[in-house]
Amino acid sequence: MTDLPFPLAGTTLVTGPSNVGKTRLTARTLDAWTDEHGTDGVVVLDFAPEVRRDGRLLGGFLTRFTDVPDDVWNERLDAHAPRTSGATVSEALDLAAANARQSKRMVQSAPADPRAVFVNDATIPFQADLLDPAVLSTYCDGAEVTVCNAFEGDELGVDDDISRNERTALDALRSWADRVVEL
């Protein structure tokens, strides 16, 4: 089994700024789980956008670091990166709202009663303040293991509505998780 900095049980939230290994660690946990327990009841929710900023990739799909087995329920949001893609504040909020609507549909269409859930970029759905983070945590509550990762930092903004909403969602996820791993 892959050496992990936390047990594969309960809920784990992995946080940190861009490009510190959150997605890579989430991919390692998915691999460790499927190696040990198989793919039955495994759900992957990938909310991450992939954008380049100043020549650097921000965010990234879980599949950059692992091949998700075919029999795993794997859904990827066609995500926008509101703070880097919106030309105006209004446009950025519209992009965040589109992410929220699509994310809600993803969670609602995911299989009931998952055994293990792996979430990439867990705060993206909540940047528009249209969705309660409990939508995600409630879905994951029955799983044996849930591993979520989320951006935490001020490099993309601090005082804008999207950043405030994201921090509020992150606080809710921190309170819900059994453990938080900060990278």
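This is a predicted model: local features need pLDDT of at least 70, side-chain atom pairs count only at pLDDT 80 or more; totals for chains, interfaces and linings use all residues.

- The buried residues of α3 are Ala92, Leu95, Ala96, Ala97, Ala98, Asn99, Ala100, Ser103, Met106 and Val107.
- The cover over these buried residues includes the strands β2 (42-46) and β5 (73-76).
- It also includes the helices α2 (82-85), α4 (134-140) and α5 (161-176).
- As a general point, an α-helix has 3.6 residues a turn, so residues three or four places apart point the same way.

**The cavity**
- The count of cavities of 30 Å³ or more comes to 1.
- The largest cavity holds about 40 Å³ of space.
- Its lining consists of Phe47, Ser103, Lys104, Val107, Pro125, Phe126, Leu131, Val135 and Leu136.
- Two or more residues of this lining come from each of α3 and α4.
- The most is given by α3, with 3 residues.
- Ser103 and Val107, both in the lining of the largest cavity, are also among the buried residues of α3.

**Aromatic rings**
- The structure holds 0 aromatic pairs.
- The charged end of Arg76 sits over the ring of Phe61, at 3.8 Å from the ring centre.

**Phe65**
- Phe65 is placed in the loop between β4 (56-58) and β5.
- Phe65 has a relative accessible area of 26% and therefore counts as partly exposed, a class that lies between 20% and 50%.
- Beyond its neighbours within four places in sequence, Phe65 is in contact with Thr23, Arg24 and Ala27.
- Phe65 and Ser85 are 20 residues apart in sequence, and their C-alpha atoms are 24 Å apart in space.

**Asp121 and Asp129**
- Asp121 lies in the loop between β6 (116-120) and α4, and Asp129 lies in the loop between β6 and α4.
- Asp121 is not a glycine, although it has a positive phi of about 65°.
- Asp129 is likewise not a glycine and has a positive phi of about 60°.
- Asp121 is buried because its relative accessible area of 11% is under 20%.
- Asp129 counts as exposed because its relative accessibility of 59% is over 50%.

Terms used:
Residues are numbered from 1 along each chain as its sequence is written. Side-chain values use heavy atoms; hydrogens and water are left out. Buried means under 20% relative accessible area, exposed over 50%, partly exposed in between (1.4 Å probe, protein chains only). Helices (H or I, at least four residues) and strands (E, at least two) are DSSP runs, numbered from the N terminus. Contact means heavy atoms within 4.5 Å. Rings of Phe, Tyr and Trp (its six-membered ring) pair if their centres lie within 6.5 Å; planes under 30 degrees apart count as stacked, over 60 as edge-to-face and the rest as tilted. A charge sits over a ring if NZ of Lys or CZ of Arg is within 6 Å of the ring centre and within 35 degrees of the ring normal. On a 1 Å grid over the protein atoms alone, a cavity is a set of points where a 1.4 Å probe fits but cannot get out, and a pocket is an open set with protein on both sides within 12 Å along at least five of seven lines; lining residues have an atom within 4 Å of a point. Grid points are joined across faces, edges and corners, and a volume is the space filled by probe spheres set on the points.
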